[in-house]
Amino acid sequence: GISGNLTVDTNTLHVDATNNRVGIQTATPRAILDLGTNADAATISNTPADYQLGLNAAQSTTGDIGRNIGFIAASAGKVTAAINSIDGGTNDTTSLAFFTGNGTAISEAMRIDSSGDVFVGTTTDVAPANGTNLYISDGTISRFGLEKTGSNARKFSINNGGTYFSIYDETADAERFQITSTGAATFAGTVSDSKGNLRSIP
């Protein structure tokens, strides 16, 4: 075996035996694995040689999942989270998916497709295919939370319960507005009409 430092072609590969680090494109690795530095630029590039790390993008059959980055839990010895490419179809269309789970299994938690749409808990469009959209899906309630920090801090959520859509004041633990799937709407508090007159609603 090899004992001590190992250098291949100056900066191509360097093993720092003192600190137990490996450097690629650097002779002074700063971390366990250091990929060195690369030239910055004001524009994005799709040329592989411009990047420090290149991983294969899944491009075989639409929907195929690339095995790209896996996070391994030491206790279980299993991948408990992952970031993978997804074959999005023709013309090298590629999506990026984030998987989470435990030592038993992982499942997709979020996906960003080639159009920039973001999917949480689903991979199916539920809105018109124009613009950039955020999709949230859940078997019980799909919920989107909004929090204002600092002065006048407040938490609200927008909810889809299947038979209703609501706006909920999480700070006060109170529903402020609900509209059902039949179109019936309920309010809490006061509302103003088109002339700015406040009207109390029981």
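Predicted model: local features only at pLDDT ≥ 70, side-chain atom pairs only at ≥ 80, totals over all residues.
Local features need pLDDT of at least 70 and side-chain atom pairs count only at pLDDT 80 or more, while totals for chains, interfaces and linings use all residues. Residues are numbered from 1 along each chain as its sequence is written, and side-chain values use heavy atoms, with hydrogens and water left out.

**View 1. D9 in its loop.** D9 sits in the loop between β1 (6-8) and β2 (13-16); strands are DSSP E runs of at least two residues, numbered from the N terminus. D9 counts as exposed because its relative accessibility is 61%, and exposed means over 50% (1.4 Å probe, protein chains only). Its side chain makes a polar contact with that of T12 at 3.1 Å (a pair of N or O atoms within 3.5 Å, one able to donate a hydrogen and the other to accept it; residues adjacent in sequence count only if both atoms are side-chain atoms).

**View 2. The largest pocket.** This one holds about 350 Å³ of space. A pocket is an open set of points on a 1 Å grid where a 1.4 Å probe fits, with protein on both sides within 12 Å along at least five of seven lines; lining residues have an atom within 4 Å of a point. Of its 15 lining residues, A57, S85, T94, S95 and L96 are closest to the centre. β6 (78-87) and β7 (94-101) each give two or more residues, and β7 gives the most, with four.

**View 3. The second largest pocket.** Here there's about 290 Å³ of space. Of the 14 lining residues, L134, Y135, I136, S142 and N160 come closest to the centre. β10 (134-136), β11 (142-148) and β12 (154-160) each give two or more residues to the lining.

Terms used:
Buried < 20%, exposed > 50% of the residue type's maximum accessible area, 1.4 Å probe, protein only. Points joined across faces, edges and corners; volume = space filled by probe spheres on them.
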